[in-house]
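The tour goes from the whole chain to single residues.

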Amino acid sequence: MPISPLPPLHCLIAFDAAVRHANFTRAAAELNLTQSAVSRQIAQLEEFLGRALFTREHRTLRLTVAGQRYAEQIQRLLGECAEATADLMKRRGDLELTVACSSGVAVLWMTPQLMRFRAAHPDIKIRVIVKDGITSLSASEFDLGVYYVRNDLPPDFAGRRLFDEEVFPVCSPSYLDGRQLTPADLVSETLLFIEDGQRKWMSWPDWFELQGVNAPKFPRMVSANYYPLLVQMAIEGGGLGWRHMIDPCLDAGLLVPACDASASLGGGYYLVWPAERHEHAAARIFRNWIYSETRFPS
């Protein structure tokens, strides 16, 4: 017999995200949907259930009594479903390793690291999953990951800082033809912006504020929601760069600092892992190898 009554799964996923963020816009950013799409899915779920799940207030959502009770059960069931799915998908052998990271870390930093690790440990099978934002990552689907973290780690994760954040403007060697600019000079240059729905990365306004520069308007700018693309654009022009992530581009002479100033919001790049997971052999070998590569003791 079919399971009934069963609401559409995509509506339950949208509901879960809306509950966690208390905001349709932030839920939409996590799910790579529009705000209106999430709103429609919640409305569809409420119509299916025949009762309201949220009370809508200015820029925030509050669960109704029924919504709170339903959320507790749905979040538990979705978590169990995700864990069962991840356990089936992910190989769990002692010499099999699943590494998670964001797209920027994957393209700019993790790829050469994994190639060197693979050469040193050819017997370990490696699987990489790319998820932008540590909050979108389930503890059941990976062994170790490298993520930028500014505040506290999510409750299910443990971790150790690999290196501190250092953000500075970069450009191609030909863009300034050897000149160095001051932070104030950069306001009138073509600036590359990262579209960050989770608001975790330093923006140009953040950077200028930390330099004490009043920059209310940016006359020339290009934006994208994919950081490796911005790095490629920076090779053709100029943009913000994160130390360690762009070191290969600097070492190869593809990028150079546009000025001497740098800034930090106190974040850093962390090696993270599921807090309650028993560490198997491949994860232990990779963790110790990463620490040695970044000059951390094991």
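## Whole chain

Start by colouring the charged side chains. The protein chain carries 30 positive and 34 negative side chains, and the centres of these two sets are 4 Å apart. Keep in mind that this is a predicted model.

Now switch to a cartoon view. Along the principal axes, the C-alpha atoms fill a box of roughly 70 × 50 × 25 Å.

Show the surface next. The accessible surface of the protein chain is about 15,900 Å², and carbon and sulfur atoms account for 53% of that. Of the 298 residues, 44% count as buried. Take contacts between residues at least 6 apart in sequence: 76% of them join residues at least 24 apart.

## The largest core

Hide the surface. Select Leu 97, Val 105, Trp 109, Met 110, Leu 162 and Phe 286. These have the most contacts inside the largest nonpolar core, which has 25 residues. Then colour the elements that build this core: β3 (96-101), α5 (103-120), β5 (144-149), β6 (157-164), β12 (268-274) and α10 (281-293) each supply at least two of its residues. In soluble globular proteins, nonpolar side chains tend to be buried together.

Centre on Leu 97. Leaving out residues up to four places away in sequence, Leu 97 touches Phe 117, Ile 124, Lys 125, Ile 126, Arg 127, Asp 143, Leu 144, Ala 282, Ala 283 and Phe 286.

Move to the second core. This separate set has 20 residues, including Ala 17, Val 38, Ile 42 and Phe 54.

## Aromatic pairs

Show the rings of Phe, Tyr and Trp. Counting those with centres within 6.5 Å, the total is 13 aromatic pairs.

Select Phe 117 and Phe 286. How are the two rings placed? Their centres lie 4.9 Å apart and their planes stand at 90°, so the pair is edge-to-face. Phe 117 sits in helix α5 and Phe 286 in helix α10, so the pair ties together parts that are 169 residues apart in sequence. Are these rings buried or exposed? Phe 117 has 0% relative accessibility and counts as buried. Phe 286, also at 0%, counts as buried.

Next, select Trp 207 and Phe 208. This aromatic pair is edge-to-face too, with 5.6 Å from centre to centre and 80° between the planes. Trp 207 is buried at 0% relative accessible area, and Phe 208 is buried at 1%.

Then pick Phe 15, Phe 24, Phe 54 and Tyr 70, which form one aromatic cluster.

## Two last stops

Select Thr 55. This residue lies in strand β1 (residues 54-57). Its relative accessibility is 37%, so Thr 55 counts as partly exposed. Beyond residues up to four places away in sequence, Thr 55 touches Thr 60, Leu 61, Arg 62 and Thr 64.

Finish at Asn 23, in the loop between α1 (9-21) and α2 (24-31). Is Asn 23 buried or exposed? Asn 23 counts as buried, at 11% relative accessibility. With residues up to four places away in sequence left out, Asn 23 touches Ala 18, Arg 59 and Leu 61. The C-alpha atoms of Asn 23 and Phe 168 are 32 Å apart, for 145 residues along the chain.

Methods: Residues are numbered from 1 along each chain as its sequence is written. Side-chain values use heavy atoms; hydrogens and water are left out. A nonpolar core is a set of buried Ala, Val, Leu, Ile, Met, Phe, Trp, Tyr and Cys residues joined through side-chain atoms within 4.5 Å. Buried means under 20% relative accessible area, exposed over 50%, partly exposed in between (1.4 Å probe, protein chains only). Helices (H or I, at least four residues) and strands (E, at least two) are DSSP runs, numbered from the N terminus. Contact means heavy atoms within 4.5 Å. Accessible areas come from the Shrake-Rupley method with a 1.4 Å probe; for residues, only the protein chains shown count as cover. Lys and Arg count as positive and Asp and Glu as negative; His and the chain ends are not counted. The place of a charge is taken as NZ of Lys, CZ of Arg, CG of Asp or CD of Glu. Rings of Phe, Tyr and Trp (its six-membered ring) pair if their centres lie within 6.5 Å; planes under 30 degrees apart count as stacked, over 60 as edge-to-face and the rest as tilted.
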